[in-house]
Structure formats: C-alpha cells, structure tokens
Amino acid sequence: MAEFLESHSFVSRCTNVYFSIFALFCFKLFIKISLNILTHFYAVRGNRKEAARIAAEFYDFRQGHRSWADRSPLHEAACQGRLLALRTLLSQGYSASIITIDHVTPLHEACLGDHVACARALIEAGANVNATTIDGVTPLFNACSRGSSTCAEVLLENGAKPQAEVCRPSPIHEATSKGKAACVEALLAWGADVDYEIPHLGTPLYIACVSQELQCTRTLLDGGANVQKGHFLESPLHAAAQKDCTEVIKVLLEFGANINAKNLELKRPVETAPPSSLAEGLLLLYEATPRSLLQLCRLGIRDYMGCSRLHLIPQLKLPTLLQKYLQYR
Ligand SMILES: *[C@@H]1O[C@H](CO)[C@@H](O)[C@H](O)[C@H]1NC(C)=O
C-alpha cells in the first residue's frame, strides 16, 4: 500500500513537472504573440522606425548583457554620445542618476562609449562618479575597459575612487590587460596602488606580462611596481617567460627581476619558457653574462630607497644625468 502511494505521488510529481513546462511554453508563446502584435501596431500606425527599434530590442540578443527593458532615453543618448539630446533630456527633468535594474547609470554608458562631453554633462548634472552596477562595475572601470583616458581623468578629477574595493572589478587590472597604458598612468597619478594584488588575478604587473603588454609593463614599473610581485609564487618573469615575450622579459630584467625565483612547481623562469624558444635563449644568455657595474649600482640604490620613495629621486643631490639613469629615463 505504502509502495503504491509512493509510486502514485511520483507519477503526480511527474505530471506536475510536465505541466510546468507546458505552462512555461504557453507563457513564452503569449509573450511572443503580444510582441508581434505590438510591432504590428507600430508598423500599421506608419511608425516603421519605431517598429524596427522595438523588434531589434526584443529579438537582438547580442546585447544580452544589457537590460533593455528599463534603459531610459538618457542611457540611450549617453551610449550613442548624443550630447544635444542628452542636454535636452536633462533640462526636461530626467535625473542624471537614473539607473536600470542592474544599476547601470547613463555615466556608465558614456564612459564605455568614450563620450567625454556627455560624461562631463552628466557629472555637472549630479551623476554619481562612484556608482556601481550590481556586478560592481564603476564608470571608471568602463573608461579603462574602453581605454578612454580622458573619461578616466574627468572621473578622477571629480572624485572617483581610483581603486576598486576588495572583490570588485579593478580598473587598473582591466586597463592593464587591455594594454591601455594612458589609463594606467592616470590611475597611478591619482593614487591607485600599483601593486594591488587580487587573489585570482595577481598584481597589475603580472597581468601586463600575461597579456604581453609591453607599454603597460613599462608604465607600471616606472610607477614603482615591485618587479617580483606576481601571482602567489609566480613572478612576472615566469609569466613573460611562459609567453615567450622577449621584449617584456628584457624590461623586467632591466628592473632587476630575479632569474632564480622559484614558482609553485619549484621551477625557475627559464624552466617555464617553451623549449628552445627565444625567451629561453635570452634568459640563458643573461645568466651567463655578468651584470655591468652601472646596472648593479642602479639596482642597489633603488633597492635601498625602496619602492615607496622612488618618486623622491629628483630630490637627490645628484647630477641630472644620474637621476635620469636611476629613473630609467
Ligand atoms: C567616491 O568615493 C571615494 C572613496 O570612498 C570618496 O572619497 C569620494 O568622495 C567619492 N566621491 C564622490 C563624488 O562621492
């Protein structure tokens, strides 16, 4: 009897599942039909443009990460960089800090599109420069992602946080991974931590080496990045060796990277380079060649000063030529 009841409840559960699926299907069908009617309504009224827009919005899933449902005209204007439309909307009383369901503000859109004038207008109208989406993305992050150093500077000048909070998308890592050196420079100038380490990514310098971004590697090292700090025991030199990126390796060695550092597998950088690659050759040659006294002195003095005081080099009572040498200029 108990068995029968059990199997009976199992059967009813199955029908419940099928019923739910069927209901869901009907619901989707209903939505589709209503949308078609809506599109048709617009088409019949002669507003073909609007019909096309609606159709595109509902059926275009390429923009899946954006929630179309609640994007305001202000978002649209900011996204497309239409300054006049944006100003008109603001003067009509649209709030500059209007948000979508996922908390995207028009300022986010303007920065992602590299529309500086729109970003300025929104900030003047009171947009929050520190606004974060539900994914933790700030307008500054978007500016860095796009490589818009002008947008980044406008945001920073208006009080945006140069550095993300813990576990939030980090602007400096984003700019570095995409090779946007001008953005990295702006972030450092406004006080972002050059050695900011994220547990699953490592330091910005490590990211620069993984992404083989020579210019960013230089910018970070010029900004006082610790040449040894990477991702746990993986040093930036390990990353550059693995990627067989000789240009980056040269810069790291110039800044005193340790060729004997061991990673988690107790391998030295030269042992992580692809076999008989250029990187391996370069590292072997470097090992076999004595450093110049000049270079050893430079590294010694920089070491003695410490990363946090490297910016004081111009104040040393040294000839300009030597100061420049110490700063790798
Ligand atoms: C943004 O956040 C930073 C750090 O929390 C704060 O110092 C700054 O005042 C904020 N800026 C604005 C405009 O609210």
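How far apart are the end C-alpha atoms of residues 135-160, and what percentage of the chain there is helix and strand? The end C-alpha atoms are 17 Å apart, and the span is 65% helix and 0% strand. Helices (H or I, at least four residues) and strands (E, at least two) are DSSP runs, numbered from the N terminus. This is a predicted model: local features need pLDDT of at least 70, side-chain atom pairs count only at pLDDT 80 or more, and totals for chains, interfaces and linings use all residues. Residues are numbered from 1 along each chain as its sequence is written.

Residues 102-134 are 48% helix and 0% strand, with end C-alpha atoms 5 Å apart.

Helix α10 spans residues 181-189. Seven of its nine residues are buried, so α10 is largely enclosed by the rest of the structure. A residue is buried if 20 or more other C-beta atoms, placed from the backbone, lie within 10 Å of its own. Among the buried residues are Cys183, Glu185 and Leu188. Their cover includes α7 (139-146), α8 (149-157), α9 (171-177) and α12 (214-222). Gly191 follows α10 and has a positive phi, near 95°.

The chain averages a pLDDT (the predictor's confidence in each residue, from 0 to 100) of 88, and 86% of the residues score at least 70. Over residues 59-67, pLDDT stays under 50. Where pLDDT is low, the predicted coordinates should not be read in detail.

Key: Contact = placed C-beta atoms within 7 Å. Buried ≥ 20, exposed ≤ 12 C-beta atoms within 10 Å, placed from the backbone.
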